[in-house]
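Biologist: I am new to this structure and would like to learn how to read it feature by feature. Could we go through it slowly, with the general idea before each case?

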Amino acid sequence: VSAQPPREQPLVLAADDDEDLLGLVSFRLERAGYTVLLARDGAEALEIALRERPDLALLDVMMPKLDGFELTRRLREEEATSRMPIILLTARSQDADVQQGFDAGADDYIRKPFSPDELRARVQAILGRR
Amino acid sequence: VVVVPSTSARDGVAAAGAGDRKLWKAGVGTSLALCAVFVLVPAEHDLVRYGIVYPLTEALAVAAIVYGVLRYRPSAPSAWLLIAGGLATWLAGDLIWAYYLFKDESPFPSPADFFYLAGYLVIVGGLLVAVRRRAAGVDMRSWLDAGMFAVVSGLFAWIFLVEPTIDDPSISAREAFVSASYVAGDLLLLLVAVRFVMGISWRFRSLELLVLGLCLTLAGDVVFQLALDSAGSSLGSGDTLLLLGIASFGAAGLHETMPALTEPIRVPSKERYDDLRLVLLTACCLIPPAVLLVEWASGTGLHLVALVVTTVLISLLAVARAEVAARRAMRTAQRESLLGSYASDLMRADDEEELYGMATRTAASLIDDGSAAVVPADGQAAAHAFSVPVEARGEHVADLVADADLLTIRRNHYALGTVADELSLALEREQLRKREQEALAALSAQNERLLELDRMKDQFVSTITHELRTPLSSMVGYLEMLTGSDVGELSKEERERFLGIVDRNCRRLNRLVDDILTVARIDSARFSLERRNVDVVRLASERIESIRATAEQRIVGVELTVENPPPPLYADPMRLGQLLDNLLSNAVKFSPEGGTVRLNVGSNEDTVHIEVADSGVGIPADEQDELFTRFFRASTASTVQGTGLGLSIAKSIVEAHGGTITVASEVGVGTTFSVDLPVQAPQETAGKGEAAR
């Protein structure tokens, strides 16, 4: 991360296969001063993450091609993204699913439906800690 | 006191074809009348008795037998014809004797004696034919037993009939030889008769009469010989017995059951009278020493030579009989062990074919000088010398058949029955085992299926949760931003866009809830149609318009073509709309950017045809059968969200309308769903709210 030029605004990757939710997330975070990169499936998200090295990734669990759990594991295996904060965003809400998310290496877990303000607060909390 | 003709028909060979009972009664009556005449006519009218009545009775018997043969057609007529021949020979002798009487002469010996003696041989020949034909199922012991009877009888004949004749100085050697020849003839007849009796069945009147005739003939001869020896007065009674015997032969030959004489015994009965035979044989063995004892005690000279010869002969016969019995016991033991290993082999067999093979092999080993096999039950079993049905669970599945001589069949009758019975049991066991296996396999397949269903259901719950929460998340999120968020000021355009998004997701959620409710209805059989006349083209264009916004968002074109506008369809417009929505949203979902979804509506006389075609990912051929199964999702659909409900619902709707839905698809090219709906709905479903299934 240190090798990258300093960014004016934090870069957030949002990945979801639902266009409306993607729009919601990006609108709210952009309003809060983040730059948001959009991905519509797991594979695209992986590619963008490795290329753009965002400051945080907001990943849906049920996505085509590569689901959020698997994507998290892959990102953790890569040198460039191994320390990148990851928040999982999902409709699956059973305890076993939450555990699976943390096992895969996620930093936080947001359940759908969610409040856009709470989403912004959590993103801010994680990025502010660093 | 001789013959009481039975009036009730006894089951017999000729029971099938009506016998001539009247003729038989007339014949018997005539014969008895002749016998009565013979007895009643005073002795001084010998010419009438021996020249007319006697030959007449014999001629009548011969005619009766010949008539019987022609009428009842026994399978081997030679037996009866030989008996008739014997009687005819006696007739010839009697005619010669009548000639001598006419000339008032009574030479002894005379040519008549030659005919009398020859008659015995001819009758014996007839009985031998009968024994061969009918009682072949009786083994060697019967001949040995008959031999013992004949030897003992011979002892008495020697002591009481032959020796006195030889010792009598007034009788020349020639006369003595002829007298002894009569005795020899009687002994031969006795031997064959005893053997014959052992093989017959007493169920036939004709055979009873034949045996009666033989007894009377032998008795008559004995009385005759004794009377001759005492040079005496009671000549008549011996001749009366002989005459009654001849009448019996005639009555036997004329009776409707006469073919039984040479009818082979198909299923031989168990050897009866075994115990009685043993008692009689023991008595036979004891007779020579008993005679010796009596003669020694009474002090009338001993017949030592005769006794020694008799004892030696009986001993030889007894040894031979023991040998036969031992061989038989050995064979029985072999059979037992064969059956024993057969029974244990059956336990180890793996399938029915093996069981049949074992039964055939065992039966063939039993019938070593013939053939035996288990054959399918084809109704041809009766063509074999022996057959016994094989049944499994009350069903006649096969026959165990054997072809061999009757003695072999008789010996193995019970063993073959056991083979068949054991096979029946083993087949039932095998069938039960197979059913059990099938039941287990079915159970395990069902288990697999249930596990698979359970897995699909888990998947479904997870999917449905996701599908419900996704539009809900958009609605909740955008509404929060529109109402109570710290997001800041929103422009008018933004507010309108957000409201549009909320509205779209509301509809999406609504459609999803509809699908889930529909599935629940289908499951609880509360799925009903509310039919009215529907303009299919109008309905199609409405649905096209409602999907257009979603399609354009995905950069997918939609177009409607109408080929041959269908007449109003009597159907449920809501369900038909749901069907179109499902097919169209599927097509849009799976189309690539820039693709086109085509909805085609057409009709012919009795069918409305709806086709939805996309240029999407396609469905592999081996998955197309399962496509309409609930929760099933094609492997090519993994990149697209969905519940796996839409097509199963579509199929239910189409079937509720009495139509069919089919799919044609090629991976990478596209998919076309074709729906055919009958224009004229079935009459009984035209009512209100009928059940879908």
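Modeller: Let us begin with burial, where a residue counts as buried if its relative accessible area is under 20%. This is a predicted model, and in it 53% of the 130 residues of chain A count as buried, while buried residues make up 45% of the 693 residues in chain B.

Biologist: In what order do the elements of chain A run from the N terminus on?

Modeller: They run β-α-β-α-β-α-β-α-β-α, which comes to 5 helices and 5 strands. Chain B, for its part, has 16 helices and 10 strands.

Biologist: What share of the contacts in chain A with a separation of 6 or more comes from residues 24 or more positions apart?

Modeller: In chain A such residues account for 58% of those contacts, and in chain B residues 24 or more positions apart account for 73% of the contacts counted in that way.

Biologist: Where in chain B is B:Asp104 placed, and is B:Asp104 buried or exposed?

Modeller: B:Asp104 is placed in the loop between helix 3 (78–102) and helix 4 (111–134) of chain B, and with a relative accessibility of 70% it counts as exposed. B:Asp104 has a positive phi of about 60°, although it is not a glycine. B:Arg393 also has a positive phi, near 50°, and is likewise a residue other than glycine. The loop that holds B:Arg393 lies between strand 2 (386–392) and strand 3 (395–403) of chain B, and B:Arg393 is partly exposed, its relative accessible area being 44%.

Biologist: Which residues of the largest nonpolar core touch the most other members?

Modeller: The general idea is that in soluble globular proteins, nonpolar side chains tend to be buried together. The largest nonpolar core has 69 residues, and those that touch the most other members are B:Trp80, B:Leu87, B:Leu127, B:Leu189, B:Phe196, B:Leu210 and B:Leu261. If residues up to four places away in sequence are left aside, B:Leu261 touches several residues, among them B:Trp80, B:Ile83, B:Phe196 and B:Leu210. There is also a second, separate core of 48 residues, which includes B:Val519, B:Val536, B:Val601 and B:Ile649.

Biologist: How much area is buried between chain B and chain A?

Modeller: The size of an interface is often given as the accessible area lost when the parts come together. Between chain B and chain A that area is about 2300 Å², of which carbon and sulfur atoms give 52%, and the contact takes 32 residues from chain B and 25 residues from chain A.

Biologist: How many salt bridges are counted between chain B and chain A?

Modeller: The count is 5 salt bridges, including one in which the side chains of B:Asp486 and A:Arg28 meet at 2.7 Å, N to O. Helix 12 (406–482) and helix 13 (492–523) of chain B each supply at least two residues of the side of chain B that touches chain A, and helix 12 of chain B gives the most to that side, with 14 residues.

Terms used
Residues are numbered from 1 along each chain as its sequence is written. Chains are lettered from A and ligands numbered from 1 in the order in which they are written. This is a predicted model: local features need pLDDT of at least 70, side-chain atom pairs count only at pLDDT 80 or more; totals for chains, interfaces and linings use all residues. Side-chain values use heavy atoms; hydrogens and water are left out. Helices (H or I, at least four residues) and strands (E, at least two) are DSSP runs, numbered from the N terminus. Buried means under 20% relative accessible area, exposed over 50%, partly exposed in between (1.4 Å probe, protein chains only). Contact means heavy atoms within 4.5 Å. A nonpolar core is a set of buried Ala, Val, Leu, Ile, Met, Phe, Trp, Tyr and Cys residues joined through side-chain atoms within 4.5 Å. Buried area is the accessible area (1.4 Å probe) that two parts lose on being put together, summed over both. A salt bridge is a side-chain nitrogen of Lys or Arg within 4 Å of a carboxyl oxygen of Asp or Glu.
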